[in-house]
Amino acid sequence: MELAKAYIQRNFNRASPSYDAVASIQKKCATHLVGCLKNHFPTCHPDTILDLGTGTGYIPEILLYAFPETKFTLNDLSSTMLDTVKKKLPSKKVTYILGDMELQDFDFHDLITSNLALQWVDDLYKTIRKFYEKSRFFAFSSLLDGTFSEWSKIFTDSSLPPPIHRYPSRRALADYIGSLQPSKYFCDASTFDVVFSSAVDCMRYLKALGANYSHQHITISDLKKIINIYRDKIKLTYQVFFCILSR
Ligand SMILES: C[S@@+](CC[C@H](N)C(=O)[O-])C[C@H]1O[C@@H](n2cnc3c(N)ncnc32)[C@H](O)[C@@H]1O
């Protein structure tokens, strides 16, 4: 496994016990994504559902209730996330696939879902195409540019490299979705804020979520520098893209 993926996997493995206590925005996004599916694609009654990067199972928790007869497959890169979701959803209709969604070969599913996991892949557009081609309906949310820009600014203001990923613009993603020529699609974007009492509080949040991987190497002394300077409130903004495609 490439090094970046190994770190992402390690961080989510470590975060699985703390994830549910901090992931309120992820839960809201899961609820919103399923709401969009029901409102805009009321004919979607899938026999099979695959949830990619399922984490602790926010999407299957909702969909198991909505589609009690459906066969579910839950995928994640992190074994401890899958262990957590197995305890929550002890159903015979659920199977689990541990692995990297970009490399793993999956069967065709009526509905493929993914909530706030696609931003971790290396090639977002290729991954969107892969799962669009493997499903009748593909419903996902992912992060857009501007996400955590306040956190980036703190680092750049201190002449340090910003510790966040580059995310695509809404326009670029919507254009790509259009280029796939789905028979029908829905795209939307929303903003969610979360406020922390200080930089150290914000770092603890990112670690508890498992979202603390950075392509930039940040030293402990740089982090201490940030902690010492930013002792006031910090707001983080999530810019989230919601999309559903049907073939
Ligand atoms: C922010 S969490 C979202 C979890 C869940 N979907 C939710 O709604 O809360 C991202 C999840 O994606 C998983 N993940 C990251 N990269 C992945 C990959 N390449 N393949 C499969 N899962 C991946 C992580 O292990 C983590 O559980």
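# Cores, sheet and loops

Reader: Which residues have the most contacts inside the largest nonpolar core?
Author: Leu-63, Leu-111, Trp-151, Leu-236, Tyr-238, Val-240 and Ile-244 have the most contacts inside this core, which has 59 residues. A nonpolar core here is a set of buried Ala, Val, Leu, Ile, Met, Phe, Trp, Tyr and Cys residues joined through side-chain atoms within 4.5 Å. Buried means under 20% relative accessible area, exposed means over 50%, and partly exposed is in between (1.4 Å probe, protein chains only).

Reader: And which helix gives the most to this core?
Author: Helix 3 (residues 24-40), with seven residues. Helices (H or I, at least four residues) and strands (E, at least two) are DSSP runs, numbered from the N terminus.

Reader: What kind of model is this?
Author: The model is predicted; local features need pLDDT of at least 70, side-chain atom pairs count only at pLDDT 80 or more, and totals for chains, interfaces and linings use all residues. Residues are numbered from 1 along each chain as its sequence is written, and side-chain values use heavy atoms, with hydrogens and water left out.

Reader: Back to Leu-63. What does it touch?
Author: Not counting residues up to four places away in sequence, Leu-63 touches Val-34, Ile-49, Phe-72, Leu-111 and Thr-113. Contact means heavy atoms within 4.5 Å.

Reader: How do strand 4 and strand 7 each pair with strand 5, parallel or antiparallel?
Author: Strand 4 (109-115) pairs with strand 5 in the parallel sense, over six bridges. Strand 7 (residues 234-246) pairs with strand 5 in the antiparallel sense, over seven bridges.

Reader: Which residues stand opposite Phe-138?
Author: Ile-112 stands opposite Phe-138, and in strand 7 the bridge partner of Phe-138 is Leu-245. Another bridge joins His-109 to Ser-135 in strand 5.

Reader: How many residues of strand 5 are buried?
Author: Eight of the nine residues in strand 5 (residues 135-143) are buried, leaving the strand mostly covered.

Reader: What unit do strand 4, helix 6 and strand 5 make?
Author: A right-handed β-α-β unit, with helix 6 spanning residues 124-133. Right-handed is meant as follows: with the strands pointing away from the viewer, the path from the first strand over the helix to the second runs clockwise.

Reader: Now the loops. Where is Asp-100, and is it buried or exposed?
Author: Asp-100 sits in the loop between strand 3 and strand 4. Asp-100 counts as buried because its relative accessibility is 13%. A polar atom of its side chain lies 2.9 Å from the backbone nitrogen of Glu-102. Leaving aside neighbours within four places in sequence, Asp-100 is in contact with Lys-5 and Leu-77.

Reader: What about Asn-212, where is that?
Author: Asn-212 lies in the loop between helix 9 (199-209) and helix 10 (220-229). With a relative accessible area of 34%, Asn-212 is partly exposed. Its contacts are Asn-11, Leu-206 and Lys-207, not counting residues up to four places away in sequence. The side chains of Asn-212 and Asn-11 are joined by a polar contact of 3.4 Å. A polar contact is a pair of N or O atoms within 3.5 Å; within protein, one must be able to donate a hydrogen and the other to accept it, and residues adjacent in sequence count only if both atoms are side-chain atoms.

Reader: What is phi for Leu-116 and Phe-148?
Author: Leu-116 has a positive phi of about 50° although it is not a glycine, and phi of Phe-148 is near 60°, also positive. Most residues other than glycine have a negative phi. Leu-116 is in the loop between strand 4 and helix 6, and Phe-148 is in the loop between strand 5 and helix 7 (149-157).

Reader: Are those two buried or exposed?
Author: Leu-116 is buried at 9% relative accessible area, and Phe-148 is buried at 6%.

Conventions:
Pairing = 2+ DSSP bridges.
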